Amino acid sequence: MGLPNASGDLSTEVEVDAFRRLFPLRFYEKHLSESIRPDARPLGRARDTTIALGAVASANGSALAKIGSTTMLAAIKMEVMTPSPETPDEGCIAIDFHMPPICSPIVRPGRPAEAAPVVSKHSGMINLKELSLVSGKAAWMAYLDIYCLDADGSLFDAALLSAVAAFSHLEIPVVSLNDDGKVVLLSEEQEGMSEREPVNKDKRKLILSSIPFSLTCILHKNYILADPTAEEESIMETLVTVVLDSSSQLVSLYKPGGPVLAYTSVVQDCIALTRQRVKELQKILEEAISGMEVD
Amino acid sequence: MVGLSAGEKHFIQGGIAQDLRSDGRKRLTYRSIYVETGVIPQAHGSARVRLGATDVIASVKAELGRPSGLQPDKGKIAIFVDCSPTAAPMFEGRGGEELSTELSVALQRCLLGGKSGAGAGIDPASLVVVEGKVCWDLYIDGLVISSDGNLLDALAAAIKAALSNTGIPKVDVAAETTGDEQPEVNISDEEFLQFDTSGIPVIVTLTKVGRHYIVDATSEEESQMSSAVSISINRKGHICGLTKRGGAGLDPSIILDMISVAKHVSEQLLNKLDSEIAAAEASDEES
Amino acid sequence: MEYVSPEGLLLDGRRPMEMRQLRAEIGTVAKADGSAVFEMGNTKVIAAVYGPREVQNRSQQMSDQALVRCEYSMANFSTGDRMRKPKGDRRSTEISLVIRQTMEACILTHLMPRSQIDIFVQVLQADVGTRSACINAASLALADAGIPMRDIVTSCSAGYLNSTPLLDLNYVEDSAGGADVTVGILPKLDKVTLLQMDAKLPLDIFENVMGLAIEGCKAVANYIREILLENTKQLEYRRGL
Amino acid sequence: MMYSDIGRLNCNVSYTTFSTPVRGQGSDHKEYSSMLLKALEGAIMLETFPKTTVDVFALVLESGGSDLPVVISCASLALADAGIRMYDLVAAVSVSCLGKNLVIDPILEEESYQDGSLILTCMPSRYEVTQLTFTGEWSTPDINEAMQLCLDACGKLGKVMRSCLKEAASGSQD
């Protein structure tokens with residue numbers, strides 16, 4: 001097949017757009033050899049990231065996270081449940097990840113996207129004991145739903161960031177016990193008037209012991225591309241996701257196959273990149289939280 | 001789908017423009033209505049309505065249930081419509097689902113009134129046995145057996161007839177109970193309660209073909225429509241619901257004009273239907 | 001529980017060899033090519049036939065014979081308890097298949113290559129023996145549509161309760177849990193095209209029961225023939241012959 | 001798919017699990033999907049794109065009453081943004097009837113107590129109604145009043161939508 005050669009000859013003649021469509025890999029490789037990406041980022045730089053807390057008023061805690069144009073909306077609803085007998089003083093967290101059809105042209109209604117199960121795994125940053133109300137009787141069930149509103153690569157990073165932000169925004173509703181020993185929700189007007197003592201007056205916020213942050217990198221030949229876009233992900237297949245917590249401890253490392261083998265040194269490089277990124281993300285999250293407090 | 005040649009289309013449109021439709025009717029005349037009640041013995045009430053070649057069955061079943069927490073003083077009424085594949089091969093499998101949902105939604109909107117229950121044909125408060133604890137849940141099922149246009153009007157008429165035919169068993173509440181317990185109830189086998197069906201509206205669908213609109217369109221005529229407005233009207237002449245079908249836009253003044261025409265037509269339809277129902281009930285009791 | 005009284009009568013007053021009441025009507029669905037209502041006691045079904053017509057799905061077209069398709073559906077109000085089952089559950093798929101195979105056996109499919117015949121059966125009231133009623137209704141509807149057939153298929157069931165063979169079980173008898181044999185025959189050719197039985201029976205009794213069911217089928221066949229004859233007379237009358 | 005010489009429109013409306021006060025299933029809303037389809041199909045020039053499909057997906061992030069009108073207006077803006085040819089923008093407004101009062105653009109609480117409701121979808125510049133539904137009992141003078149109210153509101157909404165599109169267009173040119 002004379003295709004690679006043909007592309008070499010054509011590259012000087014064809015327009016940039018056509019070349020990008022016809023030979024995406026060569027297009028990228030030409031950029032990478034110049035140490036720059038088509039969207040003008042250096043290889044190791046992540047896209048601009050923003051967090052908006054309290055995006056959904058009907059939820060107990062919510063956040064909208066954007067990395068480039070990848071957008072994730074996470075919201076938490078709290079419900080009272082009876083804890084299981086094995087863990088009488090622990091609450092529960094249920095995480096669901098949704099890819100509605102608006103997020104990307106590839107997703108059709110009724111067909112869960114392949115990426116969905118990968119993202120919805122548990123990170124273990126929350127002490128489930130904190131979600132207990134009355135040991136053995138009542139505990140909180142936290143339903144965390146993450147909706148992907150725009151899928152443009154690095155879905156896991158954005159989903160995790162939005163989930164973490166939603167938990168830090170979470171305000172647990174005030175409840176009290178009624179005469180039958182049942183847990184009742186107190187509405188805001190009742191809060192001051194009710195003679196019954198709220199059970200959880202001083203436990204309105206969760207203590208997040210160690211906050212996980214992640215960075216996804218693409219490995220292609222000798223290059224490491226941090227925070228890939230959807231286009232990059234579709235062209236170069238080997239992905240490595242590194243999750244570190246706020247004290248730079250490695251939480252998890254995930255490499256779902258792909259043709260490029262990761263040597264230890266490459267993984268080390270990825271972790272180093274993630275370490276930098278965690279610092280950035282921590283700052284962005286802190287700013288978002290302090291911004292909320294000013295309001 | 002109705003496959004029509006250009007000539008046939010022209011003929012139908014021309015006929016409507018000249019107020020003489022292909023089956024000899026005028027624009028605002030219904031086909032003859034034929035009502036039969038008590039066709040499904042297992043149901044609490046049922047009726048079959050034929051409107052030309054359109055043939056539908058409606059059945060009413062009542063089950064004891066619990067009122068919803070938000071509205072403890074009201075029973076629940078649900079309407080479902082099914083399109084049998086016998087009516088048209090395109091309803092095979094899941095093919096009829098879209099039309100079924102559309103008809104169910106339109107009927108719910110036209111017959112069940114607003115969220116608070118105002119304007120409902122059947123007062124949901126009359127279905128309550130013990131407030132907040134026991135109520136009747138009415139399940140109204142429609143089935144389209146044969147379809148030749150104007151399904152919505154036929155279904156609404158069938159539901160009206162089925163409800164007039166419905167007897168709900170009388171319920172005795174055994175003893176006063178406290179707290180959250182469900183009270184015990186006795187369902188009587190002999191005594192039945194009838195509904196007051198005078199308030200149930202009829203639906204008049206006006207189908208716009210060309211510059212004119214017609215009532216009771218056949219499926220050939222429906223294939224030529226630009227849009228259709230279904231209006232449900234009760235005895236008092238009040239509008240109880242309205243839905244528009246078909247894509248083309250309508251001028252607001254035309255809609256208001258349609259509403260006043262529909263009001264006029266509905267009176268005749270109600271009278272005709274009431275006498276048909278009475279006749280059907282009489283013959284049902286005889287047999 | 002006694003299902004057969006000492007006088008030899010069943011709970012609903014029938015004799016063991018007596019069928020439930022039959023009623024049939026041709027041409028209920030105006031738009032269909034052929035249609036019929038068939039009632040056996042409290043069981044009531046409508047069948048409609050569309051075709052022979054162009055094959056909708058080209059990949060299923062057969063160059064040497066007609067494609068026969070069948071769909072069985074139950075109305076929400078057809079059973080005592082209101083049910084809302086999604087279409088195409090296992091039971092209805094199975095019955096659709098049974099009806100299709102039975103009807104395919106009697107239609108002269110080789111006369112109509114590259115075409116399709118759709119049979120739709122809708123159960124309005126389900127007592128017992130919907131299968132039989134559906135087959136009988138489908139036969140009538142096919143005849144009404146003028147589709148060439150070897151013979152009219154008729155079907156009937158028989159059971160065995162209180163050591164008595166019973167023809168055409170009703171609901172109470174069926175739920176007693178005895179054997180239930182459903183037979184479909186081509187009466188003129190005297191051939192069995194469908195035979196289904198659940199539960200077990202000794203072989204000699206089985207022959208008895210099956211013989212009874214076949215007798216039932218023949219009775220149904222006579223009735224169907226009468227109805228068709230009546231219908232044909234009506235048609236002749238209308239055409240002014 | 002069968003050949004068709006006009007374009008096909010496909011609409012889907014779904015809710016997030018946290019959009020309603022009680023945590024729901026977040027499923028597709030079939031009724032709204034078909035209503036959205038009907039409201040839009042009269043406004044789109046389907047004959048300009050034969051043999052193709054336009055998918056319109058709407059996701060309700062937070063439900064606070066008058067959901068359907070918002071979905072319809074939003075979808076029409078998205079269609080304009082996608083460059084689909086339309087006769088006019090589609091604006092939708094709902095009115096609730098509470099006792100003797102008419103309430104335009106009702107919130108969730110008002111909707112749950114309403115005696116009747118009216119949803120009107122129209123093409124403001126052409127002054128044509130593409131979709132109209134009534135529930136509850138209405139007398140003729142009430143209908144006239146409510147429809148006029150909605151038509152006026154749709155006209156105003158249309159203007160807002162137009163300026164929003166212009167802003168977006170001038171923003172992207174820079």
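Reply: A residue is called buried if 20 or more other C-beta atoms lie within 10 Å of its own. Keep that cut-off in mind. Keep in mind too that this is a predicted model.

The part to look at is strand S6 of chain C, residues 154-161. Eight of the eight residues of S6(C) are buried, so the strand is largely enclosed by the rest of the structure. In a regular strand the side chains alternate between the two faces of the sheet. Now check each face of S6(C). On one side sit C:Thr154, C:Cys156, C:Ala158 and C:Tyr160, and these are buried.

Zoom in on one residue. C:Gly159 lies in strand S6 of chain C. It has 29 C-beta neighbours inside 10 Å, so C:Gly159 counts as buried. Set aside its neighbours within four places in sequence. C:Gly159 is then in contact with C:Leu166, C:Leu169, C:Glu173, C:Gly178, C:Ala179, C:Asp180 and C:Val181. Now look away from these contacts. C:Gln61 is 98 residues from C:Gly159 along the chain, and their C-alpha atoms are separated by 40 Å.

Next come the partner strands. S6(C) pairs with S8(C) in the antiparallel sense, over seven bridges. In this pairing, C:Ala158 stands opposite C:Val181 of S8(C). S6(C) is also joined to S7(C), by four bridges, and this pair runs antiparallel too. Here C:Tyr160 stands opposite C:Pro165 of S7(C). S6(C) and S7(C) form a hairpin with two residues between the strands. In that hairpin, C:Asn162 takes a positive phi near 45°.

What covers the buried residues of H4(C) includes S6(C), along with strand S1 (22-26), helix H2 (130-144), strand S7 (164-167) and strand S8 (179-186) of chain C. Which residues of H4(C) are buried? They are C:Val209, C:Leu212, C:Ala213, C:Ile214, C:Gly216, C:Cys217, C:Val220, C:Ala221, C:Ile224 and C:Ile227. Helix H4 of chain C has 37 residues, 203-239. At 1.5 Å a residue, it should span 54 Å; its end C-alpha atoms are 53 Å apart, which agrees. Just after H4(C), C:Gly240 takes a positive phi of about 80°.

Step back to the whole of chain C. It meets chain B: 22 residues of chain C are in contact with 27 residues of chain B. Strands S3 (43-54), S4 (67-74) and S5 (115-125) of chain C each supply at least two residues of the side that touches chain B. S5(C) gives the most, with five residues. By class, this side of chain C has ten nonpolar, seven polar and five charged residues.

Chain B touches chain D as well. There, 32 residues of chain D are in contact with 27 residues of chain B. The largest share of the side of chain D, eleven residues, comes from S6(D). Strand S12 (residues 239-245) of chain B is joined to S6(D) by four bridges, and the two run antiparallel. One facing pair is B:Thr243 opposite D:Thr133 in S6(D).

One caution concerns chain A. Its average pLDDT is 79, and 79% of its residues score at least 70. Over residues 1-7 of chain A, though, the pLDDT is below 50. Where pLDDT is low, the predicted coordinates should not be read in detail.

Definitions and conventions. Residues numbered from 1 in each chain as written. Chains lettered and ligands numbered in written order. Expected span 1.5 Å × (residues − 1). Buried ≥ 20, exposed ≤ 12 C-beta atoms within 10 Å, placed from the backbone. Contact = placed C-beta atoms within 7 Å. pLDDT = per-residue confidence, 0-100. Pairing = 2+ DSSP bridges. Nonpolar A, V, L, I, M, F, W, Y, C, P; charged D, E, K, R; others polar.
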